[in-house]
Amino acid sequence: MLSSIHLLQPHLLSLLRIVSSLVLFSYGTQKILHFPAAASVPPPGSLSWIAGLIELILGFLVLVGFQTRIAAFVLSGLMAFAYFIGHVGKSFYPAQNGGVAAILFCFVFLYLVAAGAGPLSVDSFMKRNRATA
């Protein structure tokens, strides 16, 4: 049974990448595109707005799996920055300071830097095309 689960690993990596980046991408769409509607949106040019722009653009790149390692590296740093700027001042503990999502995103994207995009990605498709050419 464990060997059959092991065969799922590459596809589960792709699924982790897709779901994580889709959630982060939704934060970007809320800040930049105002969808879904939020009670307040950051003013253009503010630090939160710039973070939203990065979440929107790089979140989409990771979502489709294009230049995943580079985009995930930047997103991991963005989430670490968000945690230390916006959450750690309230309390050291993530459950108390509201920073759970930022920490999880930081380490999921850091993992994607090392693991890559997985087989269901533009990166993988381009690699296969280069190998056959």
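Analyst: Helix α1 (residues 2–33) and helix α5 (residues 100–115) have axes that come within 11 Å and cross at roughly 135°. Here axes are lines fitted to C-alpha atoms, for helices over the stretch in contact, and angles run from 0 to 180 degrees between N-to-C directions. The pair is therefore oblique, given that angles under 35 degrees count as roughly parallel, over 145 as roughly antiparallel, 65 to 115 as roughly perpendicular and the rest as oblique. The model is predicted: local features need pLDDT of at least 70, side-chain atom pairs count only at pLDDT 80 or more, and totals for chains, interfaces and linings use all residues. Residues are numbered from 1 along each chain as its sequence is written, and side-chain values use heavy atoms, with hydrogens and water left out.

On the α1 side, the residues in contact (heavy atoms within 4.5 Å) are Gln9, Leu13, Leu16, Arg17, Ser20, Ser21, Val23, Leu24 and Tyr27, and they meet Ala101, Phe105, Val108, Phe109, Tyr111, Leu112 and Ala115 in α5. By class, this contact has twelve nonpolar, three polar and one charged residues. Ala, Val, Leu, Ile, Met, Phe, Trp, Tyr, Cys and Pro count as nonpolar, Asp, Glu, Lys and Arg as charged, and the others, Gly among them, as polar.

Of the contacts in the chain with a separation of 6 or more, 63% join residues 24 or more positions apart. The C-alpha atoms fill a box of roughly 50 × 35 × 25 Å along the principal axes.

Technical notes
Helices (H or I, at least four residues) and strands (E, at least two) are DSSP runs, numbered from the N terminus.
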